[in-house]
Structure formats: structure tokens, C-alpha cells
There are 2 protein chains.
Amino acid sequence: MIIHEDELEKRLGLFQKALRDRGIKLTHQRLEIFREIASRIDHPDAEAVYRSVKTRLPTVSLDTVYRTLHLLMDLGLIGTLGDRFTSTRFDPNLKPHHHFLCVRCGLARDFESSELDNLDLPEAAEGFGKVIDNNVVVRGICNDCMRAAETVKPR
Amino acid sequence: MIIHEDELEKRLGLFQKALRDRGIKLTHQRLEIFREIASRIDHPDAEAVYRSVKTRLPTVSLDTVYRTLHLLMDLGLIGTLGDRFTSTRFDPNLKPHHHFLCVRCGLARDFESSELDNLDLPEAAEGFGKVIDNNVVVRGICNDCMRAAETVKPR
DNA sequence: TCCTAAATAAGAATAGTTCTTATTATTGAA
DNA sequence: TTCAATAATAAGAACTATTCTTATTTAGGA
């Protein structure tokens, strides 16, 4: 759960600068929430962040944790594990395959590739456990969204 | 949204056989729900499947759609788009990286690899739109879960 | 055809997340 | 440092996706 001290310092610096640059207030809550997420390598959910921060700031609310995590996402200071959809999307394709995913509209399409099915994984990856398979998610802007972006010129 | 007629037939065959082999009843609802998910390439969520099936079976319930989709998952006849967690998990790592994910306990760990950052993608993938980046998810059983499986022998 | 277990519809319940509102705190200005 | 304006917070209501409960219906074997 621990990252290097100097990596944490670097992340905290980025965070404080991002807030200052945009005139966003630096509250105790935001600092503690950022410190918590930035120092962990286990990809906690909002509830887990809330539980930890609560030991230091007993009156913090879960809502503030959510708002702050979303703020951090908007600022590009954190991301999520996997692409998030509001609901589960199902996939009837039983063959090994990978996905193209439009980050704008959520369009998802399958494609096959035996090269990608059989990637040579770095030792680091293999070291975490016994590998079953791997899935490549290609993120992009789909053709429709590209066309829409070209058509509607900003005024 | 359309797949080949013979691919659909093949999927329907697998489905009916899987139910028969296990003595699971073939209901109208199950057949229509499977037909719907099996014939689409757009990875719909339960609500979208429900809306379509409802036009043919007006009395079907959303709950039945959920139960059936989960049954199909348990039977290995469908999967989901991306690995699903009950809640959103956050990631403070801003460097390009990939993930190891334990399918048993949900442990997630980062690893870096410039090779994987710069994969040579098949034309099929590039054809869907403008690519931004790609993320590799390595699915497996983490070391802790492997040890647990070895320690607790089945009786 | 009849019987029985399994499956369904309907609606209540739950989990995760977001919204509303009254209160509090940050930050720039005096 | 104090003050004022405005943003941010806590609390709880509300909302969305999903699952559970229960009375009713149905598939499939005898």
C-alpha cells in the first residue's frame, strides 16, 4: 500500500499547484483525501478512501470523498481502474478478442488479434501471480464522434 | 448491431445445448433474451436488452433479464465488457501503465512496459476511429490466492 | 394430462453514487 | 489581522443499477 516518499511529495506538489492555478480552494478535506489516494497502490474505492480519511478527519462525509475524487479526475490527477460505465455491458463473443472503446460516446467494438492474445508480458506482470489471459483495451474517438467534432465548428 | 445469420444459429445451438445438458428449463424469456444479446455487437446493458426484448415479450420483467444474463455468464455463454467491480476503483498513477488483476480477490497492481504502451495494433482496431492509447489488463490468480488454494485442500 | 420443481412478474430492498440545502471555511481585499 | 464574498462542506434525501422476496405461472418428465 506504500509508495516512495518522494513520489508522494511530487504528487502532492502537482495537486497543490493544480488547485492554485485554477483558483480552487485547498481544504483540509481535499488535502487528506488526495494524500490518501496518492499514497496507495491498491486502487481503493471511494468507501475505502472514506474509511481511512475518517480516522484523521472524523467529520468528513462520504459525499466529500466522492466530490473530491471526481474533482481529481477532472483535473487529470487520478484515473480509474478500467473504463467506467454506469451499468454493466454484456458481450456474447466467446472467441478471444480485444476492444476498441470510444471515450466520448462509449461505443465498443470487438476485434481479434492472435498477436495481442499472446503478448509477451514483462516479468513485473508475471510476478503478481499466475496469468490466465490478457485483454487489450484500445481507447480512442470513434469515427462518428470524429465526424461530429468536424461538423459542429466552435463559434 | 447485426451478426451473421450462421453465427447466431451457432450461438443459439450452444445455448440450447448448455441448458439441456444441465436440466435448466428453456423458457420463452430465456430464449428471447439470449437471442437479443447474441445477435448484437454493441455490448448492451441489461436495460437495453430489456427494452428490445419487451417489444416481443411485453410482460418480461427487468429482473428476469438480469437473472438470465447472469445465468448466461455462469454458463460461460457471455462475458462482460471489462472486468466489473461493484464500485469504482481509483488510480493515482499518472505514468502510462498496465494492470494485473486477480480474478479471485480483485487485487489490482500496476506495472510499466513501454512495449505494451506502444503495441502494434491491427488494422481492424485502428479502423474504428482515432486511437488515443491502449491499456493491457492481465487477468490471473494473485500469489496470495494461489497460496490459499494450495493450503486449504479440498476434503 | 397431471405433477412438481423451477422460473417468472411485481414490487420491495439494497448498494453505490449524486443532489439539495443550510452551515462553515478559504482566500483575496481592506 | 479582520472582513466579505463565494466556494466547499456535512447531512440526509434522492436516484440508479441491481438483487431479493413472494405469490403465481410454466416447462418438462411421468
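**A tour of the interface between chain A and chain B**

Select chain A and chain B together: about 5,900 Å² is buried between them, 62% of it on carbon and sulfur atoms (buried area being the accessible area, 1.4 Å probe, that two parts lose on being put together, summed over both). Within chain A, highlight A:H43, A:F90 and A:F128, which supply 15% of the area that chain A buries against chain B, more than any other three residues. This is a predicted model, in which local features need pLDDT of at least 70 and side-chain atom pairs pLDDT 80 or more, while totals for chains, interfaces and linings use all residues. Residues are numbered from 1 along each chain as its sequence is written, chains are lettered from A in the order in which they are written, and side-chain values use heavy atoms, without hydrogens and water.

Next, select the residues in contact (heavy atoms within 4.5 Å): 63 from chain A and 63 from chain B.

Now show the side chains of A:D133 and B:R139, which form a salt bridge at 3.1 Å, N to O (a side-chain nitrogen of Lys or Arg within 4 Å of a carboxyl oxygen of Asp or Glu). Two salt bridges are found across this interface. Then colour strand β5 of chain A, residues 129-142, which gives the most to the side touching chain B, with 14 residues; strands are DSSP runs (E, at least two residues), numbered from the N terminus.

Finally, select residues 79-80 of chain A and 90-91 of chain B: strand β1 of chain A and strand β2 of chain B pair in the antiparallel sense over two bridges (pairing requires at least two DSSP bridges). Here A:G79 stands opposite B:D91.

Technical notes
Helices (H or I, at least four residues) and strands (E, at least two) are DSSP runs, numbered from the N terminus.
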